[in-house]
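Trainee: I would like to take a close look at one part of this model, namely its aromatic pairs and their surroundings.
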Amino acid sequence: MIHLSVTNVKGPVGVMLHSILGRAGFRVGIYTSPHLITFRERIKIGREMISEDEVLALSQRVWPATDPNSPPTFFEFVTALALLYFAEKKIDLAIIETGLGGRLDSTNVIEPLAAAITNIALEHTEHLGGTLAEIASEKAGIIKAGVPLVCGNLVREAVEVIQARAKELACPTLVLGKDFLVETLRSDDQGLPSIDYRLEGLELNNLAVPLAGPHQADNAAVALTLAWVLNGLGFSVTEEHFRSGLAEAQWPGRAERFAAGSWPPEGSVAKAPLILDGAHNPAGAQALAAMLETLKRRRLHVILGVMADKDIGEVLGRILNLADRIFLTHLIFLRASLPELLFVIIVSSLGWHPQLTTLHRSLPEAFRSSADEAVSTLLCLLSASPFTQCVNM
């Protein structure tokens, strides 16, 4: 198994590594969260999701093994289900992504061949700590004695904590910017970067990264380095596997682009391309904004809904600086902020123009309204929300 601890932008490192190893001929499982449309996305082998029948059958076996006096959380239960599924399918490798933190995460029962900590940001501070160093200490809990560790683009205080723990446990450690390098050559008009990658003993030039945003270059570098580590452990991966596997990675709903005319809401004809993303914290919004800044566009209309417990000002600040018009909506979610509250925050606290803002009671209503007048790129910012609201509109 390979263990991934991710604070923000979950999924890309895992899906890139999954694609590379699959291209090399290995049967690879991947466990991620949250899901986009269906729960089954969380547990895959290759491109195939676990079936509904398998979820039911495994649930009926896992639940009786739990303690009725101390029932598991949802994530604990699903983690047990996923590990049992992978074991019984006798796969070659499994990529396991933490749910929250590391030290106390339910995935931390595994004994991996390699581990990665991809980034550190201030999130879930009520559980992980109020500083980057405290959060890094929790993330460092996945480090196991002697197990190779790959670190992504981490801030200095996080690197110091993680490297100290890795040294204590005698773990070979590779750090982005020090032990392996990535250089973005260019980004195309879809925001997809091309990169050069270098590590002692491996040099790959002009690699296509299929996920949009400058930050995906760092994620690709971590995935490539993990594959290189596994290659040294007997899982043969060639340059062609690195190149083609990376290019074929897929991660829907994260800066995903739809061409004009390909997403017509009922009763409307989309005149503009749509970008769908789920940034829900300041670091995610920063990454999304950086991606938007690379795009060639005329105007930007933003459709957004945000959870009330998020730092709404920090999440929306940089996005608003790029927007030409805002469509506020209410998500069908218990924690969702009302559009009226969002309106007060963006106008009073962030200085947004009230005349360039409309409020809608539902996401479909917001889509239809924006589609009818849009001649620009549209962004749907669905912060930590069920994307089925978009798909089923």
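How many aromatic pairs does a search of the whole structure find?

Mentor: The search finds six aromatic pairs, where rings of Phe, Tyr and Trp (its six-membered ring) pair if their centres lie within 6.5 Å, with planes under 30 degrees apart counted as stacked, over 60 as edge-to-face and the rest as tilted. This is a predicted model, in which local features need pLDDT of at least 70 and side-chain atom pairs count only at pLDDT 80 or more, while totals for chains, interfaces and linings use all residues. Residues are numbered from 1 along each chain as its sequence is written, and side-chain values use heavy atoms, with hydrogens and water left out.

One of the pairs joins Tyr31 and Phe75, which is stacked because the ring centres are 5.8 Å apart and the planes stand at 25°. Since Tyr31 belongs to strand β2 (residues 28-31) and Phe75 to helix α3 (residues 74-89), the pair ties together parts that are 44 residues apart in sequence; helices (H or I, at least four residues) and strands (E, at least two) are DSSP runs, numbered from the N terminus. Both Tyr31 and Phe75 are buried, that is, under 20% relative accessible area, with exposed over 50% and partly exposed in between (1.4 Å probe, protein chains only).

Phe180 and Tyr197 form a tilted pair, 6.3 Å centre to centre with 45° between the planes, and this pair links Phe180 in strand β9 (residues 180-187) to Tyr197 in strand β10 (residues 193-199), 17 residues apart. Phe180 and Tyr197 are likewise buried.
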